[in-house]
Amino acid sequence: MPDRSILSVPTRVAPPCRVLLLGGTGEAALLARAIIQRYGERVALTTSLAGRTEQPMPIPGDVRIGGFGGAAGLIAYLRTHDIDILIDATHPFAKQISAHARLACGAVGVERLMVLRTPWQRHSLDRWIEVADLAGAAAIVANVGRRAWLTIGVSEIGAFADVADVWFLVRSIHAPSNPLPLKLHEILIGRGPFSLLEEQHVLQRHAIDVLVCKASGGAATEAKLVAAREADLPVIMVRRPAPEPGAAVVSVEAAMSWLDAFLARRAVSTRDPRLS
Ligand code: NAP
């Protein structure tokens, strides 16, 4: 006869912590890798992508693709999937999903952590012209240069559709599926991070005389700013929107420390009281 008392001994193993990681950035992919490596089955990780990129980089853990259907849809997702933590590691200009994340987590009572990129610091030799948005950049670009390098992503290129007398170089991860709504342009395929040498080469080869970019921050795409500074080129810089309020860290390492602390607290609170 098997000893049944052994089978009924309560276990100390807590159920996996269910983490929803809002991604679409290099930081989110790094974080997913770090989470799987460090916690293994202690964490059930799902990375969520909007579906903008046709061939996203491989990401460990589960991946879901597509919008949730607004804040209400995200609330339903958090409830249905019994999410414990939402980590918002989306791009600093992805304002809508971050606002939805704040609303949804508040409504359901789910812990939320934002992973923010360190903003770029303006150097005394930088020739930045700061604007509030892409419409502001489009309004002035023809007054600043004739050969502009747009590093804003193809989905918002329409803001420049009415600009005449400017040739645009557009960098994109993949060849766009539809023709770009620009009068004069060339597409450059490439996925960051980019080195200073690569960025200098682009500026020279295409005789760029103005760079247009979003103040996204972070190291992966900063080299183009150094290249523009060294070539004494003007940069039309779209200001970064203010982040949502709430708990935030500025690196993958700091996000992992936050998770360590959360999981330690959770292990204490989910411990079977019969074991204490
Ligand atoms: P957004 O304006 O904040 O979001 C628009 C809608 O797209 C959201 O309401 C949501 O749809 C859906 N969405 C966005 N991110 C999602 C995610 N990670 N998972 C599931 N659904 C998501 O965002 P965006 O500026 O279009 O950017 C889309 C994605 O591309 C983001 O994930 C961002 O990290 C990445 N990205 C953006 C930029 C940029 O410059 N904006 C640059 C690089 C990467 P529902 O309302 O239906 O849920």
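In the predicted model, Phe68 and Tyr77 are both buried. A pair of aromatic rings is described by the distance of the centres and the angle of the planes. In total, three aromatic pairs are counted. For Phe68 and Tyr77, the ring centres are 5.2 Å apart and the planes meet at 70°, so this pair is classed as edge-to-face. A further edge-to-face pair is formed by Phe160 and Phe168, with 5.6 Å from centre to centre and 70° between the planes. Phe160 has a relative accessibility of 0% and therefore counts as buried. Phe168 is likewise assigned to the buried class, because its relative accessibility is 1%.

Aromatic rings also take part in arrangements with charged side chains. The charged end of Arg147 is placed over the ring of Trp167, at 3.9 Å from the ring centre. In the case of Arg171, the charged end sits over the ring of Phe194, and the distance to the centre of that ring is 3.5 Å.

The shell around the ligand comprises 22 residues, of which Gly23, Ser48, Arg52, Phe68 and Lys214 come nearest. By residue class, this shell divides into 12 polar, six nonpolar and four charged residues. Strand 2 (43-49) and helix 4 (95-108) each contribute at least two residues to the shell. The most is given by helix 4, which supplies four residues.

A backbone N or O atom of Gln96 lies 2.9 Å from a ligand oxygen, and a polar backbone atom of Ile97 is 2.9 Å from an oxygen atom of the ligand. For Ala94, the distance between a backbone N or O atom and an oxygen atom of the ligand is 3.3 Å. On its own, the ligand has 800 Å² of accessible area, and the protein covers 78% of this area.

Individual loop positions were examined next. Asp126 is located in the loop that links strand 5 (111-115) to strand 6 (127-131). With a relative accessibility of 8%, Asp126 falls under the 20% cut-off and therefore counts as buried. The side chain of Asp126 reaches the backbone nitrogen of His123 at a distance of 2.7 Å.

Thr221 occupies the loop between strand 10 (210-214) and helix 7 (223-230). Its relative accessible area is 23%, and Thr221 is therefore partly exposed. Thr221 and Ile152 are separated by 69 residues in sequence, while their C-alpha atoms are 11 Å apart in space.

Gly69 lies in the loop between strand 3 (62-65) and helix 3 (70-80). Because its relative accessible area is 59%, Gly69 is classed as exposed. Along the chain, Gly69 and Ile187 are 118 residues apart, and their C-alpha atoms are separated by 32 Å.

How values were computed
Residues numbered from 1 in each chain as written. Predicted model: local features only at pLDDT ≥ 70, side-chain atom pairs only at ≥ 80, totals over all residues. Heavy atoms only, no water. Near = heavy atom within 4 Å. Polar contact = N/O pair within 3.5 Å; in protein donor to acceptor, adjacent residues only side chain to side chain. Areas by Shrake-Rupley, 256 points an atom, 1.4 Å probe, with all protein chains shown as cover. Nonpolar A, V, L, I, M, F, W, Y, C, P; charged D, E, K, R; others polar. Phe/Tyr/Trp six-rings, centres within 6.5 Å; stacked < 30°, edge-to-face > 60°. Buried < 20%, exposed > 50% of the residue type's maximum accessible area, 1.4 Å probe, protein only. Lys NZ or Arg CZ within 6 Å of the ring centre and 35° of its normal.
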